[in-house]
Amino acid sequence: MARTRKLSPERKAFINGLIEHYHPEDAQDVQEMLKDLLGDTLQGMLEAEMDEKLGYSKYDYKNKETDDSRNGYSKKTVVSSLGEINLDIPRDRKGEFEPQAIKKNQTDISNIEDQVLSMYAKGMTTRDISTHLRDVYGVEASAEMISHMTDRILPIAKEWQNRPLERKYAIVFMDAIHFHVREDNQTIKKAVYVAIGIKLNGNKEVLGMWIGGNESAKYWLGVLNEIKNRGVEDIMIVSVDGLTGFGEAIGAVFPKAEIQRCIVHQIRYTAKFVNYKDLKPFVKDLKAIYQAPSEDSALSGLDELEEKWGKKYPSSVSSWRNNWPQLSTFLKYPEEIRKIIYTTNSIENFNRGLRKVTKAKSIFPSDDALFKSIYLAMIDITKKWTGAPWNWGQTLNQLCIYFEDRITPADLE
């Protein structure tokens, strides 16, 4: 096989000169050589910038046509993919020199910070990241320094959290996930309230993530009001779990929204009252309700369930009766819409992704640390959310018929 890497005579002479000067013995020595060359190259660029700014080269005073002059150097250490590099940044007496090769506040000339954010988003702790940078890049970065690096994402995250939203959403899923956070020298269990919306074009987006106390309908009311204040005028369908008072909170802010309680949550709740030996036949009878082709058929299935199991498991059956208006919403829709709204699986899968990347952090030192972590995880997770479902056109047609007075042609432009 022919060689793919061929050196010109000039390039070969250059490489030989480097080898003769540095005497590298292994790949690590080559990296050190490249780091030294990178430092010299950057230093040369900085000197050239100063020459251009003043209009004369160092010691060439006869061509000097300015009252400004060089004023020594300031020390600076920058991080590169090859490790840390020490530089001397030229200064001028007027303090007007603004270097472009290495900008004034720039301390990272590689993608190290982006890598730190990526590792943090995937659940690595600050200490793990610090060790990785030292072992792989030879960069000494303390856990505290890593934390400061990731802090730069906070203003961006806050801006994202307050961004304007769409005027109308076809479907919104709401659920909470819990984490432990340090507060006033105590470890407190806090809920992260998550809302995910499906826009009228079928694309999915996270509307926001709010950190509060234990999950409550009162806090959800505040979340819903914030969503409204950020521009949301109407939601066609909201899919939620069975939290007491959730439906009332939604109705108070979006009175026209139809509410679907998660059928999967409902099945889990009713099944917990059933003895193990009865569980299989009981769940089989439940299918006649939630897999029914119509609401009338589902009510017949509920009647049969009550007749067979009502006396033995009254709490299980009454739960379906008492919450029927919000449990039966999906039954009036065709299969395309039913599949989307009958369960909060969409948001539970998202929450599972958050748990996966935060499992190494059993306790967060502050609300900001938690928000920073889940925001970066959210960015990582939602990269895979590309485009609408393959059958969204048919689903949208159905929604436009059911909500003809609320979805206008202008909304679809």
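Okay, let's start with a definition: on a 1 Å grid over the protein atoms alone, a pocket is an open set of points where a 1.4 Å probe fits, with protein on both sides within 12 Å along at least five of seven lines, and lining residues have an atom within 4 Å of a point. Points are joined across faces, edges and corners, and the volume is the space filled by probe spheres set on them.

Quick housekeeping: this is a predicted model, where local features need pLDDT of at least 70, side-chain atom pairs count only at pLDDT 80 or more, and totals for chains, interfaces and linings use all residues. Numbering runs from 1 along each chain as its sequence is written, and side-chain values use heavy atoms, leaving out hydrogens and water.

So, how much space lies in the largest pocket? About 450 Å³. Its lining has 19 residues, and Ile 198, Lys 204, Ile 340, Ser 346 and Pro 389 lie nearest the centre. Helices H14 (335-341) and H15 are the elements giving two or more residues to that lining; helices are DSSP runs of H or I, at least four residues, and strands are runs of E, at least two, numbered from the N terminus.

Now the sheet. Five strands make an open, mixed sheet, in the order S5-S4-S3-S6-S7; strands pair if DSSP finds at least two bridges between them. S5 (204-212) and S7 (258-261) are the edges. S3 (168-183) and S6 (234-240) run parallel, joined by five bridges, and Ile 171 has Ile 237 in S6 as its bridge partner.

And H15 comes back here: this helix, residues 345-358, packs on the sheet, touching S3, S4 and S5, where contact means heavy atoms within 4.5 Å.

Key: Axes fitted to C-alpha atoms, helices over the stretch in contact; angles between N-to-C directions.
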